[in-house]
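Have the structure open as you read.

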Amino acid sequence: MPYRGLWKQRILWTATGMGLVALVAWSPFILRAAAPAGMDWNRLSEVSQAYGAVAVLFSAAAFLGAVVSIWYQAKQTRILHEEIRSSMHKELILRTLDDETLAYCWEPPPEPCTLLETRQHAFCNLIYRLWLTDYLVGRTTLEAARITLEVHFRGEVARRHWRIHSQGWKDWAKASVNRREKEFVWLTQDVFERAVTAGPAVAANSYFVPPQV
């Protein structure tokens with residue numbers, strides 16, 4: 001539905017633009033037909049020239065408005081495509097987590113892992129892609145992402161996921177033509193290395209205390 005709405009907006013803007021062009025092209029004939037007999041067109045021409053500078057300003061403002069509108073629509077289309085792709089990937093991951101047999105449909109892990117670890121890595125990947133998408137569409141900044149990743153890499157599972165799968169992400173970033181994708185992956189690697197240097201991760205079995213009886 002959002003995609004259809006964007007196309008409706010484009011059609012509306014195109015029709016409006018064509019209507020304005022047609023109105024400008026036919027304006028001399030319309031004015032001549034509507035003007036009373038004996039009108040001094042030379043006098044009107046002198047008056048119109050006096051307002052020529054103002055007309056140029058209005059035309060420039062209209063052109064700028066059209067450019068901004070096109071840029072905004074292109075940005076919204078890009079955001080929509082990113083969110084659609086992210087949603088499709090999320091659906092695949094969630095189906096895999098619900099059915100362990102689907103894990104064998106993905107590529108084998110870079111190093112041997114248990115099925116539990118593979119499921120944990122898949123979920124970490126889902127979380128990471130959410131943050132990446134937020135940065136790609138402009139919902140967050142690199143500094144905000146750094147803070148989020150610093151907290152993320154305090155955990156044992158998060159560090160294990162990135163240690164095993166980071167090379168694939170880095171290879172993908174090198175091949176990408178999107179500057180923001182490269183920035184986010186390099187930021188993630190930098191935060192990961194700093195976290196490892198700072199000390200051991202919080203063990204997964206110490207995340208939560210047992211319930212009080």
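Which residues in α4 meet which residues in α5? On the α4 side they are Y128, W131 and Y135, and on the α5 side L142, T148, L149 and H152. Keep in mind that this is a predicted model. Sorted by class, that contact has five nonpolar residues, two polar ones and no charged ones.

Now the geometry. The α4 and α5 axes cross at roughly 170 degrees and come within 10 Å. Angles over 145 degrees count as roughly antiparallel, so α4 and α5 are roughly antiparallel to each other.

Here's α4 by the numbers:

| Item | Value |
|---|---|
| α4 length | 22 residues |
| α4 reach, first C-alpha to last | 31 Å |

Just after α4, G138 takes a positive phi of about 85 degrees.

Next, the core. The largest nonpolar core has 17 residues, and Y128, L149, F153, W162, W169, F184 and V185 are those with the most contacts inside it. At least two of its residues come from each of α4 (115-136), α5 (142-152), α6 (156-175) and α7 (179-198). The largest share is from α7, with six residues.

F184 is worth a click. Leaving out residues up to four places away in sequence, F184 touches Y128, W131, L132, Y135, L142 and A145. Among these, Y128, W131, Y135 and L142 also take part in the meeting of α4 with α5.

Technical notes. Residues numbered from 1 in each chain as written. Predicted model: local features only at pLDDT ≥ 70, side-chain atom pairs only at ≥ 80, totals over all residues. Heavy atoms only, no water. Core = buried A, V, L, I, M, F, W, Y, C linked by side-chain atoms within 4.5 Å. Buried < 20%, exposed > 50% of the residue type's maximum accessible area, 1.4 Å probe, protein only. Helix = DSSP H or I, 4+ residues; strand = E, 2+ residues; numbered from the N terminus. Contact = heavy atoms within 4.5 Å. Axes fitted to C-alpha atoms, helices over the stretch in contact; angles between N-to-C directions. Parallel < 35°, antiparallel > 145°, perpendicular 65-115°, else oblique. Nonpolar A, V, L, I, M, F, W, Y, C, P; charged D, E, K, R; others polar. Expected span 1.5 Å × (residues − 1).
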